[in-house]
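Dear colleague,

Please find below the structure that I am handing over to you.

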Amino acid sequence: MDEFKGRLTKDGIRIHNAGDSAGMFRAGALAARILDDVADMIAPGVTTEAIDAAIQRMVEAAGATSATIGYRGYQHASCISVNHVVCHGIPGAKVLKDGDILNIDVTVIVDGWFGDTSRMYVAGNVSRRSERLIQVTHDALMKGIEAVRPGKTFGDIGHAIQTYVEAQRMSVVRDFCGHGLGQVFHAPPNVLHYGRPGTAAVLEEGMFFTIEPMVNLGRPETKVLADDWTAVTRDKSLSAQFEHSIGVTADGCEIFTLSPGGRFHPTWRKSAS
Ligand code: MF3
Ligand code: CO
Ligand code: CO
């Protein structure tokens, strides 16, 4: 444990102290609980700004801080990305309609630690295609997480995600990636969701980062709209994303943003009814 003292690797990746994961679990649990609780209001007829307002109230009620309000001029407590929006959808007057799929991404700060997670929701009845996209994206995140262990590399994570997604004839977005985090929102490394085995930095115990693959039904290319935030698929195909914040442990990893209510995957609704 002696060398395990908040140092940086040669790639600038922070190796956290053994006790630091307690802070990450507190922040991660709050972000995940907010995503659990907001699920009850997702339905046709609801606006994305109403969802964001509810999220902001939950952050405040917990005595925490939103990491996104004021971040590079962003003014909302969440990103809400509907249908062909890949990520960074801005909450607004848009009304959800039957069959819409959406990602909600929340990052909170608790006692200085950042918890960043996102997941998919469905408004009303969802098509088989959308359901399959959501399933593949969820499973792609989990394949990436399963590849996390000291001695493996970030390329191994990307490779696990990419090979799984492409075998399902879907595509991995290249233009956005996961990131280191901890007492900062975005830190090295860039966590790519594609790659070759054995390439990029080697994973070490004490690294904290997100994995947050975006998967498209069509081609991987994206473009950012004139609002400078909203990223959409160039071919207008549907896109999905799931995100966890994790830490590398001695023999694998720990997930800081597990859903306390078992609601990470939208099928929890079906099993409940
Ligand atoms: N939470 C996003 C991520 O996964 C970042 C959102 S930044 C914002 O990294 F400003 F758009 F909110
Ligand atoms: Co993130
Ligand atoms: Co996020």
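**Ligand site**

The shell around ligand 1 consists of 5 nonpolar, 5 polar and 4 charged residues (Ala, Val, Leu, Ile, Met, Phe, Trp, Tyr, Cys and Pro count as nonpolar, Asp, Glu, Lys and Arg as charged, and the others, Gly among them, as polar). This is a predicted model, in which local features need pLDDT of at least 70 and side-chain atom pairs count only at pLDDT 80 or more, whereas totals for chains, interfaces and linings use all residues. Residues are numbered from 1 along each chain as its sequence is written, chains are lettered from A and ligands numbered from 1 in the order in which they are written, and side-chain values use heavy atoms, with hydrogens and water left out.

There are 14 residues around ligand 1, and Thr 68, His 179, His 186, Glu 212 and Glu 243 come nearest (a residue is near a molecule if one of its heavy atoms lies within 4 Å of it).

- An N or O atom in the side chain of His 186 is 2.8 Å from an oxygen atom of the ligand.
- Glu 243 places a polar side-chain atom 3.0 Å from an oxygen atom of ligand 1.
- The side chain of Thr 107 has an N or O atom 3.2 Å from a nitrogen atom of ligand 1.

The protein buries 96% of the 340 Å² that ligand 1 exposes when taken alone (accessible areas by the Shrake-Rupley method with a 1.4 Å probe).

**Pockets**

Ligand 1 takes up the space of the largest pocket (a molecule sits in a pocket if more than half of its atoms lie within 2 Å of its grid points). A pocket here is an open set of points on a 1 Å grid over the protein atoms alone, with protein on both sides within 12 Å along at least five of seven lines; lining residues have an atom within 4 Å of a point.

The largest pocket holds about 460 Å³ of space (the volume filled by probe spheres set on the points, which are joined across faces, edges and corners). It is lined by 24 residues, of which Tyr 71, His 88, His 179, His 186 and Glu 212 are the closest to its centre. At least two lining residues come from each of β4 (101-110), β7 (178-180) and β8 (187-191) (DSSP runs numbered from the N terminus: helices are H or I of at least four residues, strands E of at least two).

The second largest pocket has about 280 Å³ of space. Val 122, Val 126, Glu 131, Pro 266 and Lys 270 are the closest to its centre among its 14 lining residues. The largest share of this lining, 3 residues, is from α3.

**Cavity**

The whole structure contains 1 cavity of 30 Å³ or more (a set of points where a 1.4 Å probe fits but cannot get out). The largest cavity has about 60 Å³ of space. Its lining includes Arg 119, Tyr 121, Phe 264 and Trp 268. β5 gives the most to this lining, with 4 residues.

**Backbone features**

The peptide bond between Pro 188 and Pro 189 is cis, with omega near 5 degrees, and Pro 189 belongs to strand β8. His 88, although not a glycine, has a positive phi of about 60 degrees; this residue is in the loop between β3 (85-87) and β4.

Yours sincerely

Definitions and conventions
Polar contact = N/O pair within 3.5 Å; in protein donor to acceptor, adjacent residues only side chain to side chain.
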